[in-house]
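Here's a quick tour for anyone meeting this structure for the first time. Have a look at it, and then we'll go through a helix pair, the confidence values and the chain contact.

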Amino acid sequence: MVPCQMSVTGLCAQPPGAHWILSATDPKPLASAIVRDDEAILVSAAKAGDTAAFEELVNRYERKIFRLGMNITQNREDAEDVMQDAFLKSYQNLDRFQGDSRFYTWLVRIAVNEALMKLRKRRPNQVSLDEPLTDSDGEDSVFREIEDWGPSPEKKFAQVELNEILNSVIGELDPIFRVAFLLRDAEGLSTEETAQILGISSAAVKSRLLRARLKLRQKLNKYFRRSETQ
Amino acid sequence: MNCKKVILELTSYLDGILDSNMRLDLEQHLSRCTDCRLVVDTCRKTIQIFCNSEPVPLPEDVRQRLHTALLDRFRRNAKST
């Protein structure tokens, strides 16, 4: 599968972005039509005090960071806080960014930390980044619910209803699996980048991703199984 | 290859990073195991359905508040330097 970029619950959004001047009352395309490979140049300029360069980075990633915040926190106000804090903190700490990863990866790391803090505040006893000791939905339970979904199971639902289903099932995932799925499958980050962001090994990312995918499959089964249409 | 091994290699298989011998073994298993075939198929569809879902928009009021906060930070930084 080609990794893609994510939507509210979903993924694959982010059309090749127009670039906008942030400070304008009505945003206008940036004349320089900066290409995506110039991220390092923008970061250098922003470090040197060029606020327009930082604005360009914001314009480039604001939708993705908001979407990530929504997907992790499942709450619009929290997602807004996550996005604002991520950009403000990245601006404030820009001199600490050493350029040993992509700026976007660094930004996502900040946003993920902010989002997880929101979750911990909301549910202090329920949100842990430690591996669950027991897992009733893990690999061992895969073969409990095996049903054919047919060729296009999502077409059984109107778009709004489908979005609600996807939101609901991703919100039911344990945060450690949710974040692994969002970063790898939704944001299209590599296993190594995801490992770096989460501060875990690549093997642990693969393990969490497997469990996330299996859990989501299992949760979607009740909506998409063919027998539901008959 | 047995069913348990198929599940363990599922992520690598779906991501297309399984080495060719292992992939061949896995696909041979899929050709004769309906359960595993359905698990692989529905797992692949799970990822695709999420990938193809509608993007969440960034509401204009949310965007405006972000920009206002940034401009405020820019101004404060400019004053302090």
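This is a predicted model: local features need pLDDT of at least 70, side-chain atom pairs count only at pLDDT 80 or more; totals for chains, interfaces and linings use all residues.

In chain A, helix H2 (residues 51-73) packs against helix H6 (residues 175-186) at an angle of about 150°, and their axes are 10 Å apart. H2(A) and H6(A) are therefore roughly antiparallel to each other. The crossing of H2(A) past H6(A) is right-handed.

Who makes that contact? H2(A) brings Leu68(A), Asn71(A) and Ile72(A), while H6(A) brings Arg178(A), Val179(A), Leu182(A) and Ala186(A). By class, that's 5 nonpolar residues, 1 polar and 1 charged.

Now for confidence. Chain A has a mean pLDDT of 79, with 75% of its residues at 70 or more. Among the helices listed for confidence, H5(A) (residues 159-172) sits lowest at a mean of 90, and H3(A) (residues 76-92) sits highest at 96.

| Stretch of chain A | pLDDT | Contacts beyond near neighbours in sequence |
|---|---|---|
| residues 5-35 | below 50 | 84 contacts |
| residues 133-137 | below 50 | 3 contacts |

Finally, the two chains touch: 48 residues of chain A meet 31 residues of chain B. On the chain A side, H2, H3, H5, H6 and H8 (202-224) each give two or more residues. H8(A) gives the most, with 9 residues. That side of chain A has 27 nonpolar, 9 polar and 12 charged residues.

Technical notes. Residues are numbered from 1 along each chain as its sequence is written. Chains are lettered from A and ligands numbered from 1 in the order in which they are written. Axes are lines fitted to C-alpha atoms, for helices over the stretch in contact, and angles run from 0 to 180 degrees between N-to-C directions. Helices (H or I, at least four residues) and strands (E, at least two) are DSSP runs, numbered from the N terminus. Angles under 35 degrees count as roughly parallel, over 145 as roughly antiparallel, 65 to 115 as roughly perpendicular and the rest as oblique. A crossing is left-handed if the near helix is turned anticlockwise from the far one by less than a right angle, and right-handed if clockwise. Two residues are in contact if their C-beta atoms, placed from the backbone, lie within 7 Å. Ala, Val, Leu, Ile, Met, Phe, Trp, Tyr, Cys and Pro count as nonpolar, Asp, Glu, Lys and Arg as charged, and the others, Gly among them, as polar. pLDDT is the predictor's confidence in each residue, from 0 to 100.
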